[in-house]
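Please look over the sequence and the structure shown here before reading on.

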Amino acid sequence: MPHTRQHPMRQLSAPEAAFIYSDSAHANANVSLLHIYDQTTAPTGVVRFKQILTHVESRLSRLPVLRQKILRVPLDLDNPYWVEDEDFDIEYHVRHIALPKPGDWRQFCIQAARIHARPLDLQRALWEMYVIEGLDSFLDLPVGSFAVLLKVHQSAFDVAHGSAITTLLHDFSPNPPPAPPPAPWFPQSSPGKLALMWRSGFRAASFPLRMMQPVSQGLSLMALTVKTFTDEFLQRSRDFPSTRFNTVVSSRRVFDTRRFALTDVARVRQLVRGATVHDVALAVCAGGLRCYLKLQGELPEDSLDAAAPTTLHNQDQHDTATGFSWTKITLQTHLSDPLQRLRTICASKDASTLPVHGSDWGPLANCRISTLLGPPKPLYLQGARLTYLSAIMPIADGMGLVFSVTSYNDMLVISFTGCYEQLPDPEVLAQCLRDSFQDYLALTQCKKPRRKPSA
C-alpha cells in the first residue's frame, strides 16, 4: 500500500494571523534580510544566478512555509491556514536585477527600501528573493560583489529566530559536499470553502467572538485615529514625549546602516562594568537619535523610549508562539554625556515588560529596536563569502522608526527603517549613528588604566 503524506495544512496562530490582518495600503508586515557577498572565494571565482536559483530550490524542503500560501476562511470567521501553493514557481520568487550606474551605496539603500515597501502577493507563497548586481562603486568591496535581498512576510518569519533562515540558505564552508537531488514535491489541493467552514465549526464555542473580530479591528483602527487626533491637536500627554516618528506613516520607506567592528564594541563595553553588546547598541542608537533630533531643533527635554519585541511561547504545546510582549527601554536621550548615558542604560536592567494584545493599536514608544543575532562564523552561498548582514523592518502608524541590530562574524551592524515623509534625510541619521559610536570609541582612548594594587 503506498505511503500517503499527511496533509500539510496548518492554521495560523493568533499572533501570525494578526500580521495578515494588520497589512494596509501604506504599511505591511514585511521583513527583508540583506546579504552582501564576495564571490572571489567561490571555487570558480564567479557565482551565476542560475546556481543560486538551483541552490535555493534544493533547500525549500527544509522550510516548508516557503512553498505555502495563505488560505483565508470565508468572512474571516476563523484564523487563516497555511496550505501548499499548487502554482508555486521558483522563478517568480527568485529574481535578478542590477543597480544602474554608478551603483553606489545610496542607490542600493533606495532600491532596497523600495523593494521592501512593496506588498507581497497574498495569493502566493509570502516571500521574494532579489539577487542584486552592479555594486562595484561600493567602498571596501571586491569587484564583482553581489547582494541578496530576501523579503518574507512576518506571519511566516519569527524575527527572534531570524538567523535560522539565513543559516538554512548558507554553508559554513566555501566547498561543501554536493547536495543530494531535491526530493520530488507534489502539492496537495487546498480545501474548498465548505470544508473551511466545517473546520471552523469545531471552534463553535468562540464563534460569536470571532464574528466580532473584523468589527473589533475596525473599532480599534477608529480608536487609533481618534487617539492620534487628540494627541496631536489637543496635546494630550503620553507616557513618552512625542516626536516626528510618532505620527501616521506613508507607503514610502527609507533605509540605511552603519557597521562596527566587534573588537571596537568590546573596547566600548570596558567603559562600564557589566556592559553588554546590547547595552552598547542601545547607547549608540540613543546617541544617534539625540543627535539627529537636536539638528532638527526637535529634541524633547524628557528621555525617549524604545520598545523591544519578544515572542512568547507555550512550552506545553510544542513551543508554539502565543503572543508578544514588549520590553520598554528608556534611552536616556536627555543626557548629553555619552558615558553617563551608557552607565544609566546599563543600570536600568529592570526594564518594564508591557503585555500587548491585538487591540493595542496605539504607539508604545518613540521607536522600536529589534535584535537579529547571526552566526559568529563566516557563511557561504555557493562558495561566495557573506560579508554583510542586516535587516529592513516593518514600521506602522505611531511608530515610524525601527532600529535593527545585527551581529555576524566579526561585525555589529546597526540599521534603521523609517518613513520617507518623517525621515527625508536618512544619510544624516546614519552619520549621527556613526558619530555616536565614535564618541564612545574616543572615550576608550582617554580612559586611564587602572592602578595596580601595591604589593
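The model is a predicted one. Its chain has 455 residues, of which 48% are buried, and its secondary structure comes to 12 helices and 16 strands. Among contacts in the chain with a separation of 6 or more, 79% are between residues 24 or more positions apart.

**Helix 4**

**Nonpolar cores**

- The largest nonpolar core holds 43 residues, and Leu 289, Leu 401 and Phe 403 are the ones with the most contacts inside it.
- Helix 10 (residues 277-295) gives the most to this core, contributing 10 residues.
- When residues up to four places away in sequence are not counted, Phe 403 touches Cys 285, Leu 289, Cys 367, Arg 368, Ile 369, Ser 370, Ile 414, Ser 415, Phe 416 and Leu 433.
- As general background, nonpolar side chains tend to be buried together in soluble globular proteins.

**Aromatic pairs**

- The count of aromatic pairs comes to nine.
- One of them joins Trp 105 and Phe 108, whose rings are tilted, with 5.4 Å centre to centre and 35° between the planes.
- Trp 105 and Phe 108 are separated by about one helical turn because they are three residues apart in helix 4.
- Trp 105 counts as partly exposed because its relative accessibility is 24%, whereas Phe 108, at 1% relative accessibility, counts as buried.
- Phe 245 and Tyr 292 form another tilted pair, with 6.4 Å centre to centre and 35° between the planes.
- This pair links distant parts of the chain, as Phe 245 is in the loop between helix 8 (213-233) and strand 8 while Tyr 292 is in helix 10, 47 residues apart.
- Phe 245 is buried, with a relative accessible area of 2%, and Tyr 292 is buried as well, with a relative accessible area of 0%.
- Ring pairs also link Trp 105, Phe 108, Phe 138 and Tyr 388 into a cluster.

**Charges over rings**

- Arg 124 lies over the face of Tyr 92, at 3.8 Å from the ring centre.
- Lys 377 has its charged end over the ring of Phe 172, at 5.9 Å from the centre of that ring.

**The surroundings of His 170**

- His 170 is placed in the loop between helix 5 (162-169) and helix 6 (193-201), and it counts as buried because its relative accessibility is 5%.
- A polar atom of the His 170 side chain lies 2.5 Å from the backbone oxygen of Thr 166.
- Leaving aside neighbours within four places in sequence, His 170 is in contact with His 35, Tyr 37, Arg 59, Leu 379, Tyr 380, Leu 381 and Leu 386.

Definitions and conventions
Residues are numbered from 1 along each chain as its sequence is written. This is a predicted model: local features need pLDDT of at least 70, side-chain atom pairs count only at pLDDT 80 or more; totals for chains, interfaces and linings use all residues. Side-chain values use heavy atoms; hydrogens and water are left out. A nonpolar core is a set of buried Ala, Val, Leu, Ile, Met, Phe, Trp, Tyr and Cys residues joined through side-chain atoms within 4.5 Å. Buried means under 20% relative accessible area, exposed over 50%, partly exposed in between (1.4 Å probe, protein chains only). Helices (H or I, at least four residues) and strands (E, at least two) are DSSP runs, numbered from the N terminus. Contact means heavy atoms within 4.5 Å. Rings of Phe, Tyr and Trp (its six-membered ring) pair if their centres lie within 6.5 Å; planes under 30 degrees apart count as stacked, over 60 as edge-to-face and the rest as tilted. A charge sits over a ring if NZ of Lys or CZ of Arg is within 6 Å of the ring centre and within 35 degrees of the ring normal. A polar contact is a pair of N or O atoms within 3.5 Å; within protein, one must be able to donate a hydrogen and the other to accept it, and residues adjacent in sequence count only if both atoms are side-chain atoms.
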